[in-house]
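Open the structure in a viewer and keep the sequence beside it. Each stop below names a selection and then says what is there.

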Amino acid sequence: MARVLYELQGRADRRLSPYCWRTRMALRHKELEAEFIPVQFGQKDRIAFSGQELVPVLQDEGGRVIHDSWAIADHLESTYPERPSLFGGEAGRAGARFFNGWVDRALHPAMIRLILRDIHDGAIAEVDRPYFRASREARFGMALEDYCDPSAGRIKAFRGLLEPVRLALEEAPYLGGAAPLYADHILFGTCKFVELCSPLVIFAEDDPIYEWYGRMLALFDGYGASDGAAGGPAGEPE
Ligand SMILES: N[C@@H](CCC(=O)N[C@@H](CS)C(=O)NCC(=O)O)C(=O)O
């Protein structure tokens, strides 16, 4: 059985999800081939076999099904130890686990607040907008338009959160050191998501994170620079 990744599909077939990009990059890092199956918010029947409703879902060779990007990274590392390591050992795995939680719990809430309207208005498939609005308004307890706040103050606060990343990049070109590791793919997923969903400029060109992002886009023969659409560059919007 071939390896298959189920991932979020946005407008113009763009593969939007920050979590799915983590897995895409992890697969390339491990030099593993996969087929990519798009899933819109309204197509949860496609991943019903996983017993839950979120992507990414990986169906690995042999049929094993894993959901949650961290669980998938962990699975890839333990199942394919002979391939390039995602964590660089047990201590590296523990550090990446912390970073994964920090990005999910501290960075993503600040990021979503900046681009929620852009996600709704322009990034997701039009057919998914009512579901997206209803589910997010229930989660945040207010209208999308009231929750979203791309003001200069919020952008500054978001950039400030990333100060520890800048400190790390003063010492090495990647969070993994001389070469990228899974921690880099975690943050790359967030940056790629913003790039695909919003015109907002989150990093100034003299920001070390901007330079790091350029290095990440160039990895794996420029794999990260695509929008993930099956036919290559995005076609006409729906
Ligand atoms: N902790 C999960 C989060 C996965 C997640 O939130 N996925 C989003 C896409 S970005 C999703 O499937 N959302 C579907 C929905 O909200 O109905 C992971 O790391 O994989």
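Two strands count as paired if DSSP finds at least two bridges between them. Helices (H or I, at least four residues) and strands (E, at least two) are DSSP runs, numbered from the N terminus.

The model is a predicted one: local features need pLDDT of at least 70, side-chain atom pairs count only at pLDDT 80 or more, and totals for chains, interfaces and linings use all residues. Residue numbers start from 1 along each chain as its sequence is written.

**The whole chain**

Start with the protein chain as a cartoon. It has nine helices and four strands. Along the sequence these elements follow the pattern β-α-β-β-β-α-α-α-α-α-α-α-α. The C-alpha atoms fill a box of roughly 50 × 45 × 30 Å along the principal axes.

The radius of gyration is taken over C-alpha atoms, and the globule rule is 2.2 Å times the number of residues to the power 0.38. For 238 residues, a compact globule would have a radius of gyration near 18 Å, and the 17 Å of the protein chain agrees with that.

A residue is buried if 20 or more other C-beta atoms lie within 10 Å of its own, exposed if 12 or fewer, and partly exposed in between, with C-beta atoms placed from the backbone. Of the 238 residues, 32% count as buried. Two residues are in contact if their C-beta atoms, placed from the backbone, lie within 7 Å. Of the contacts with a separation of 6 or more, 73% are between residues 24 or more positions apart.

Strands of a sheet pair through backbone hydrogen bonds, either parallel or antiparallel. Now select strand 1 (residues 4–8), which pairs with strand 3 (residues 57–59) in the antiparallel sense over three bridges. Val-4 has Gln-59 of strand 3 as its bridge partner. Strand 1 and strand 2 run parallel and are joined by five bridges. There, Glu-7 has Pro-38 of strand 2 as its bridge partner. Four of the five residues of strand 1 are buried.

**Around the ligand**

Which residues are around the ligand? Select Leu-8, Ser-17, Tyr-19, Phe-41, Glu-53, Leu-54, Val-55, Pro-56, Asp-68, Ser-69, Trp-70 and Ser-135. The cut-off is a C-beta atom, placed from the backbone, within 6 Å of the molecule. This shell has seven nonpolar, three polar and two charged residues. Ala, Val, Leu, Ile, Met, Phe, Trp, Tyr, Cys and Pro count as nonpolar, Asp, Glu, Lys and Arg as charged, and the others, Gly among them, as polar.

Within the shell, zoom in on Pro-56, in the loop between strand 2 and strand 3. The peptide bond from Val-55 to Pro-56 is cis, with omega near 10°. Next, select Asp-68, in the loop between strand 4 and helix 2. Its phi is positive, near 85°. Asp-68 counts as partly exposed because it has 18 C-beta neighbours inside 10 Å.

Most residues other than glycine have a negative phi, and most peptide bonds are trans. Another positive phi, near 50°, is found at Phe-220, in helix 9 (residues 208–222).

**A buried loop residue**

Select Leu-86, in the loop between helix 2 (69–79) and helix 3 (90–123). Is Leu-86 buried or exposed? With 24 C-beta neighbours inside 10 Å, Leu-86 counts as buried. Leu-86 touches residues including Ala-26, His-29, Leu-76 and Tyr-182. Leu-86 and Ala-26 are 60 residues apart in sequence, and their C-alpha atoms are 7.1 Å apart in space.

**Two exposed loop residues**

Finish with Glu-33, in the loop between helix 1 (18–29) and strand 2. Glu-33 counts as exposed, with 9 C-beta neighbours inside 10 Å. Then select Asp-206, in the loop between helix 8 (182–197) and helix 9. Asp-206 is exposed, with 7 other C-beta atoms within 10 Å. The C-alpha atoms of Asp-206 and Ser-85 are separated by 31 Å.

Note on methods. Lists of a residue's contacts leave out its neighbours within four places in sequence.
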